[in-house]
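Please look over the model shown below, and then work through the questions that follow on one residue and on two of the chain contacts.

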Protein chains: 6
Amino acid sequence: MTAPSMPRDTEAYARGLALFERLHGGHSGAGLATSRDELCPDFLTMTMEWAFAGVLDRPGLDLVTREFVIIACCVTRGYLPQLRAHIEAALVAGATREQIVEVIVQTQFYASGAAANNALGVAAEVFGLQA
Amino acid sequence: MTAPSMPRDTEAYARGLALFERLHGGHSGAGLATSRDELCPDFLTMTMEWAFAGVLDRPGLDLVTREFVIIACCVTRGYLPQLRAHIEAALVAGATREQIVEVIVQTQFYASGAAANNALGVAAEVFGLQA
Amino acid sequence: MTAPSMPRDTEAYARGLALFERLHGGHSGAGLATSRDELCPDFLTMTMEWAFAGVLDRPGLDLVTREFVIIACCVTRGYLPQLRAHIEAALVAGATREQIVEVIVQTQFYASGAAANNALGVAAEVFGLQA
Amino acid sequence: MTAPSMPRDTEAYARGLALFERLHGGHSGAGLATSRDELCPDFLTMTMEWAFAGVLDRPGLDLVTREFVIIACCVTRGYLPQLRAHIEAALVAGATREQIVEVIVQTQFYASGAAANNALGVAAEVFGLQA
Amino acid sequence: MTAPSMPRDTEAYARGLALFERLHGGHSGAGLATSRDELCPDFLTMTMEWAFAGVLDRPGLDLVTREFVIIACCVTRGYLPQLRAHIEAALVAGATREQIVEVIVQTQFYASGAAANNALGVAAEVFGLQA
Amino acid sequence: MTAPSMPRDTEAYARGLALFERLHGGHSGAGLATSRDELCPDFLTMTMEWAFAGVLDRPGLDLVTREFVIIACCVTRGYLPQLRAHIEAALVAGATREQIVEVIVQTQFYASGAAANNALGVAAEVFGLQA
């Protein structure tokens with residue numbers, strides 16, 4: 001749809017894509033991102049270079065904690081498709097189901113109890129429980 | 001202003017207040033909470049029993065990670081006074097300044113870059129840097 | 001999933017559950033809350049003890065007005081499943097359909113016209129009208 | 001700044017302005033609205049005709065309940081200047097301080113505990129208590 | 001449901017309805033608005049007189065730019081049904097698909113990358129691409 | 001505070017910084033961004049490379065319209081310092097005061113009337129009028 005203007009033969013793109021595939025490959029987030037390629041390929045390039053290689057792959061904070069931060073943001077904003085993708089990613093990165101539940105429970109006085117309740121429903125779906 | 005209806009001679013209140021004083025005593029959050037006592041003492045009781053003893057003191061996730069979750073929520077909602085209080089609390093709980101900065105930087109694609117920027121301004125103030 | 005740590009043989013739990021069942025029993029909110037029991041039983045306990053017994057059952061404001069406040073919050077945040085549940089609860093508590101519509105119309109300059117419009121769609125569904 | 005395009009010699013403008021002056025005259029909301037007159041007089045006209053005469057003055061819900069709905073919206077969005085103005089307006093309309101505190105306390109599981117806490121600070125200021 | 005109190009034989013209603021039908025007739029937004037007529041006819045009247053005739057039809061900014069402003073608001077708040085309707089309206093008003101994609105891409109550091117990503121999914125649906 | 005890990009001798013950084021200085025140099029946004037340099041120099045690098053060179057400088061939409069999109073986002077989220085900076089930037093880019101006022105007025109049914117009102121206050125300050 002829009003012509004691509006950003007090159008993809010960069011170290012950052014390759015590194016971001018590898019992290020993306022490690023965390024989201026085979027899960028719901030994979031389609032969420034790659035389907036943007038037809039509409040706006042640069043947005044997918046930005047996502048890999050900036051969000052994955054540029055931020056998520058930074059030193060100074062471990063990957064599980066970074067996923068918990070993302071989960072807290074998604075609970076707060078009500079981004080339920082992204083929340084699902086990052087609960088899956090947190091599990092891939094080594095988080096336990098119990099920790100993920102505690103992250104969501106912890107959000108309740110800042111994101112709101114209703115936001116935490118809706119997020120627990122998404123977690124239940126990912127875990128194969130009654131949502 | 002409103003008459004208190006909740007007792008304060010409970011184990012939960014004492015435990016919540018102790019955690020509150022450990023994390024916020026002498027910092028900006030202390031006044032934020034206790035000033036509610038004149039207007040609505042039950043709200044302060046709820047804060048100690050529920051938010052501190054009931055949620056923040058739960059097992060299953062360490063205190064530093066819980067503070068990072070709270071910081072992510074406060075960045076996302078734009079609660080700047082609470083953000084300041086929880087940056088201070090995270091430091092008391094053992095987080096480093098670098099970790100707190102990385103938590104805020106990590107929020108930028110979910111809370112927004114503008115929200116992260118405003119939050120870094122609060123962190124700079126807490127750290128005694130140019131805000 | 002997560003082990004329960006909160007007892008349920010308390011006066012507050014029983015009182016909260018009774019109010020919950022009075023307001024949401026047989027409606028959409030019932031499933032919304034109880035489905036959390038498998039994933040995180042403590043979250044359900046917190047909901048009954050804190051949100052229902054601890055806040056909604058407080059004196060000083062009648063139940064219908066409290067439901068209107070909740071509806072206004074849900075319209076503003078866009079929590080549509082909770083909005084549906086609390087429109088049902090407001091009817092149980094004695095509110096008229098006309099009052100509920102006026103509450104939603106009143107939110108439009110503060111929550112936004114778009115939020116009010118989406119909320120009227122939920123109200124229409126609850127009332128059995130064209131949504 | 002922008003040229004006015006809406007007439008002010010209408011029944012709706014007069015009725016809206018009268019309701020505005022009854023509720024906000026001499027309080028913080030008065031300046032909040034009238035200062036828009038220099039920049040964009042039509043916005044002030046819209047406020048009087050639409051928000052005040054067209055919505056707030058509608059039948060079907062009493063004025064105090066309408067102000068509680070507005071307060072709940074302002075707590076949820078974090079509109080602190082408007083919150084102050086509508087706490088003042090609710091008092092003028094006949095609400096008690098205790099009811100206003102209960103409205104704010106009721107928002108905590110839907111707007112968030114942090115939002116309720118910040119709103120109680122505004123209420124304390126309006127009531128002349130320690131904020 | 002609620003009795004209508006606003007007349008519809010006004011110049012503003014006719015002008016707003018004509019603009020509404022020009023922009024949304026035959027698209028998703030048409031049903032979104034008119035379905036409110038059974039529940040609260042005044043809300044539909046307000047929408048035509050205020051939002052369409054009173055604001056969208058104002059001079060001083062061209063219609064395409066006004067639709068871009070609305071799209072930016074809907075991306076930011078996450079109003080996906082309205083976003084779809086206003087992407088359709090922007091196309092009717094003369095915007096290109098490329099411009100609409102750029103508007104959404106531009107929101108990413110202020111609304112958040114996740115909000116922009118969700119909005120691109122809606123745009124892809126409207127454009128008949130893989131969402 | 002945090003060690004820089006991103007190089008600044010790139011074409012993107014130079015181009016982003018030049019656009020930043022053109023739009024914000026000498027205005028409130030200048031300090032807003034550069035004060036981040038002491039705390040987290042990489043965040044400033046990201047801002048210049050990603051937000052300015054990578055997005056704001058893209059083809060396909062003129063700079064004034066991009067600033068209007070940003071203003072709409074900032075009104076909606078309530079980011080008042082950024083709103084001020086981007087009203088200044090829109091003026092530098094060639095927008096008129098009247099257009100900026102119309103952008104803000106247009107947001108009122110999607111961001112909310114209260115958000116538009118607060119934003120007009122910021123515009124009045126920038127324009128040297130009574131806020």
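**Contacts in a predicted model**

Q: In this predicted model, with which residues is B:A119 in contact, leaving aside its neighbours within four places in sequence?
A: Contact here requires C-beta atoms, placed from the backbone, to lie within 7 Å. Once the neighbours within four places in sequence are left aside, the residues in contact with B:A119 are B:V75, B:L83 and B:I104.

Q: Is B:A119 buried or exposed?
A: B:A119 is found in helix α8 of chain B, which covers residues 113-126. A residue is taken as buried if 20 or more other C-beta atoms lie within 10 Å of its own. Because B:A119 has 29 other C-beta atoms within 10 Å, its class is buried.

Q: Which helix gives the most to the side of chain B that touches chain A?
A: The contact joins 27 residues of chain B to 26 residues of chain A. On the chain B side, α4 (41-56), α5 (63-77) and α7 (97-106) each supply at least two residues. With ten residues, the element that gives the most to this side is α5(B).

Q: How many nonpolar residues has the side of chain A that touches chain C?
A: The contact takes 16 residues from chain A and 13 residues from chain C. On the chain A side, the elements that give two or more residues are α7 (97-106) and α8 (113-126), and the largest share, six residues, comes from α8(A). By class, this side of chain A has five polar and two charged residues, while the nonpolar residues number nine.

Note on methods. Residues numbered from 1 in each chain as written. Chains lettered and ligands numbered in written order. Predicted model: local features only at pLDDT ≥ 70, side-chain atom pairs only at ≥ 80, totals over all residues. Contact = placed C-beta atoms within 7 Å. Helix = DSSP H or I, 4+ residues; strand = E, 2+ residues; numbered from the N terminus. Buried ≥ 20, exposed ≤ 12 C-beta atoms within 10 Å, placed from the backbone. Nonpolar A, V, L, I, M, F, W, Y, C, P; charged D, E, K, R; others polar.
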